[in-house]
Amino acid sequence: MTTDTKDKTRYKASVIIAVYNHFEWLNLILDALGMQSEKDFEIIIADDGSNEETVNKIREYIVSHPELTIIHSWHPDAGWQKNKALNKAVNQARSNYLIFVDGDCIPHPEFVADHLRLRAPNRIVGGRRVDMSQQISDDVEKWPSLPLNYFPNVRNQILKHSLKDSLGLTLSQLRRTLRFPFFFGKPLGTRPQGFLGCNMGMFKEDLARLNGFDEDYVNPGTGEDTDLELRARNAGMSCLAAPRYALMLHRCHQRLPLDSPENKAILERHRAEGTTRVKNGLIKES
């Protein structure tokens, strides 16, 4: 719920969450967004056709959390149409900076602030994802609401279960949960590298140059988010990986198949043609 005055405000960021059912995780994500150090942002739920039960729970959450500005952008379930849902959400965004989150990733309290510190024109920023083990993920999923110390809590869970894991895996996971400070306003250890679609930020006008996400992708897997990176690089944009910032906890789940021949064909065509702007995107072009 928002006031007319705030509706006309240009927020520092629009946080767009791609979801399909699994409200128990969306609930935790929204709780985490309510704990952000940076408060000047709106939330847009890019819903790819969740069922009535999930939709009702989302509505109840919005009503019970008037302190958050939440838009629920929904379309009917017609198979996998995540890119269509994302484009619809982007077109509703009232900020000039967009931060994308998947519906199974819980952001760190400095998540929004980090993305805003790292933003720059002509750049896509990718943060760090902490892949939780199945046991820790199951434990987190049972939380009725997000505790204030949720990141240290998961770090402690990793240590607790470390005897069952290899030392290398434990150290790798612990390292991923550690956020570094900015020194004199500068980040540490960033590098020109690709990003994950579950954790990225960019200026809205830069995404508009590419005409958004390609809705010709109607299968998950290869290309549905790497296509955006390919086209961004073709357009001369940079991709900045920030492994010590914009952290998030990622639910353990079975990976979706990555062998869609239709996706591969689209991606290879865009690579061969040096495509930057797609026709079936934010704006439908002939």
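A salt bridge is a side-chain nitrogen of Lys or Arg within 4 Å of a carboxyl oxygen of Asp or Glu. Side chains of opposite charge can pair when their charged atoms come close. The model is predicted, with local features needing pLDDT of at least 70 and side-chain atom pairs counted only at pLDDT 80 or more, while totals for chains, interfaces and linings use all residues. Residues are numbered from 1 along each chain as its sequence is written, and side-chain values use heavy atoms, leaving out hydrogens and water.

**View 1. Salt bridge between Glu110 and Arg117.** The N to O distance for this pair is 3.7 Å. Arg117 is partly exposed at 45% relative accessibility (buried means under 20% relative accessible area, exposed over 50%, partly exposed in between; 1.4 Å probe, protein chains only). A network of salt bridges links Glu110 and Arg117 with Asp114 and Arg179.

**View 2. Salt bridge between Asp227 and Arg231.** The closest N and O atoms are 2.6 Å apart. Both Asp227 and Arg231 are buried. The two residues lie 4 apart in helix α10 (residues 226-234), so about one helical turn separates them. Helices (H or I, at least four residues) are DSSP runs, numbered from the N terminus.

**View 3. Salt bridge between Arg277 and Glu285.** In this pair the closest N and O atoms are 2.7 Å apart. Arg277 is partly exposed, its relative accessible area being 34%. Glu285 is also partly exposed, at 31%.

**View 4. Salt bridges in the whole structure.** A search of the whole structure gives 14 salt bridges. Among them are the pairs Asp227 with Arg231 and Glu285 with Arg277.
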